[in-house]
Amino acid sequence: MPRDAAPIDAPAARDRGFALPQGAEPGRAVVVGAGPNGLTAAALLAREGWEVDVYERHHAPGGASASAPLLGRGTVVDLGAAGHPFGVVSPVFRELDLTGHGLRWVHPEFPMGHPLPDGPAAVLHRDLDATAEGLGVDGRAWRALHAPLVRDADRLAADVLGPLLRPWPHPVSMARLGLRAPWPAGWVNRAVFRTEQARALYTGAAAHAILPPGRPLTSAFGALFGALGMSSGWPVAAGGSQSIVDALLAVLRAHGGRLHLDHEVTDLRELPAADAVVLDLTPRQVAALAGTDLPPAYARSLRRWRHGSAVSKVDFLLDGPVPWTDVRLAGAGTVHLGGNAAQLQHAEAEAVAGRMPEHPFVMLCQQQAADPSRAVGPSAGRTVVWSYAHVPFGWDGDVRPLVEEQVERFAPGFRDRIVHAVATRPADLEAWNPNLVGGDIAGGSMGGLQLLLRPTASPRPHRAGRPGLYLASAATPPGGGVHGMAGAWAVRTLLRDRARAAF
């Protein structure tokens with residue numbers, strides 16, 4: 001049964017707040033891009049007394065957090081992001097009181113499930129002990145790996161949702177993650193776990209790095225995503241991910257901010273004069289933008305930005321629930337489909353190498369397990385299923401048969417239940433939202449130094465080469481996900497610059 005997010009006690013809520021520098025005189029700001037990061041920046045500035053205008057090229061706001069009746073009347077389909085493990089713990093979403101402006105987090109019975117070719121599925125519970133008990137002989141190892149992170153999940157979220165190269169608010173919590181972070185997830189699997197269930201569960205969580213689990217630092221993703229699932233969960237937004245954007249817009253408008261749609265910005269000189277400009281754009285878009293007056297060295301570094309593997313998306317409307325062989329998976333908000341850990345690692349390595357895997361890693365979301373509003377009215381009784389496969393950057397093939405095959409392996413009869421399906425290739429994703437370059441949903445590869453130095457090697461990564469111009473997208477810390485923190489950190493940098501300039 002769906003569950004609302006559990007209330008957070010007052011000390012934890014204060015610990016997760018996002019305080020802004022004081023002493024900056026309000027001015028006028030322009031924000032380019034109405035995705036979650038751009039709208040977060042705009043809402044924070046408007047709340048601080050700034051005059052704010054947001055310009056968005058699309059006819060609707062939201063960026064990769066938009067929803068629409070893509071599968072027909074009565075359906076709610078998340079066009080981009082679906083599950084929100086970072087959104088529910090976002091310090092700035094709490095600071096802006098999005099739940100007081102209409103946002104409601106709801107939880108499925110299980111945050112995540114991972115079916116296997118042989119044996120029962122692995123299931124991540126919203127509880128460490130329950131998850132460990134389901135992993136048999138690996139239960140003790142699972143507890144040892146995750147318990148310190150689950151215990152400090154609130155503090156850990158405040159640390160990781162910001163630049164990694166900074167003094168952390170909770171260094172002990174971050175050190176615990178650091179002990180688990182440097183290693184490839186594949187190494188940890190082989191060294192720590194004995195069962196395919198534990199290995200698959202950990203590797204599936206690590207795959208959110210959109211990197212092969214054999215790469216360094218992927219263990220950080222496996223440990224962190226698992227710990228979040230077993231503490232604050234992987235909820236969905238009731239009514240669709242668009243509800244997050246609607247709540248941000250409510251805050252912005254409550255403080256006098258303005259949104260301008262169908263307004264593509266190609267030259268900053270065409271915009272009204274402003275004391276600060278915040279860009280919710282990728283590095284390549286910023287480098288191509290006229291009127292930025294970027295320092296040449298900074299512009300060159302933006303043009304060298306590397307994008308990673310892509311996703312190719314398929315949304316399905318079924319005439320009933322997914323017919324999982326392991327019936328527990330019906331209660332999982334997110335299902336990872338890739339076979340066992342070795343098969344998943346092979347698929348991810350192929351995609352990064354530019355070769356389309358025969359059996360790709362597929363992430364399938366069943367938001368309806370927590371949110372019945374996803375199919376109502378003329379679509380009542382049907383099931384909306386969201387999915388994507390990891391594919392090579394810019395891949396233009398038809399992923400739907402491959403996705404259906406992966407689901408059919410673990411839910412025989414799935415194809416027979418399809419009423420309607422819509423496939424969205426990497427090029428389609430980029431045409432809809434230019435921040436999704438080549439289908440890269442992470443705003444740039446998370447591999448190598450780009451995980452730590454986003455977008456350049458700078459102590460102020462959200463300053464776009466000069467004071468007065470700021471970058472607030474997934475290409476800046478803390479990276480991808482719907483949490484608004486890139487926008488929050490851009491505003492923090494902006495206000496510090498403004499305060500210094502006043503002296």
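Visitor: What should I know about the numbering and the kind of model?
Guide: Residues are numbered from 1 along each chain as its sequence is written, and side-chain values use heavy atoms, with hydrogens and water left out. This is a predicted model, where local features need pLDDT of at least 70, side-chain atom pairs count only at pLDDT 80 or more, and totals for chains, interfaces and linings use all residues.

Visitor: Which peptide bond is cis?
Guide: Most peptide bonds are trans. With omega near 10°, the cis bond is the one from Pro 477 to Pro 478.

Visitor: Is Ile 210, with its positive phi, buried or exposed?
Guide: Most residues other than glycine have a negative phi. Ile 210 is not a glycine, yet has a positive phi of about 55°, and its place is the loop between α9 (196-206) and α10 (218-229). Buried means under 20% relative accessible area, exposed over 50% and partly exposed in between (1.4 Å probe, protein chains only). Ile 210 has a relative accessible area of 9%, so this residue is buried.

Visitor: And Asp 262, buried or exposed?
Guide: Asp 262 also has a positive phi of about 55° without being a glycine, and lies in the loop between β10 (258-260) and β11 (276-279). Its relative accessibility is 58%, so Asp 262 counts as exposed.

Visitor: Which residues of α9 make the contact with α10?
Guide: Contact means heavy atoms within 4.5 Å. On the α10 side, the residues include Phe 221, Gly 222 and Phe 225. On the α9 side, they are Tyr 202, Ala 205 and Ala 206.

Visitor: How far apart in space are Met 363 and Gly 377?
Guide: Met 363 lies in strand β14 (residues 362-365) and is buried, with a relative accessible area of 8%. Leaving aside neighbours within four places in sequence, its contacts include His 208, His 336 and Trp 386. Gly 377 is 14 residues from Met 363 in sequence, and C-alpha to C-alpha the two are apart in space by 27 Å.

Visitor: What is the N to O distance in the salt bridge of Arg 374 and Asp 371?
Guide: A salt bridge is a side-chain nitrogen of Lys or Arg within 4 Å of a carboxyl oxygen of Asp or Glu, and the structure holds 18 salt bridges. Arg 374 is buried at 1% relative accessible area, and Asp 371 counts as buried at 4%. The closest N and O atoms of this pair are apart by 2.7 Å.

Visitor: Which residues are linked in a network of salt bridges?
Guide: Here salt bridges link several side chains. The residues in the network are Arg 28, Glu 51, Asp 53 and Arg 258.

Note on methods: Helix = DSSP H or I, 4+ residues; strand = E, 2+ residues; numbered from the N terminus.
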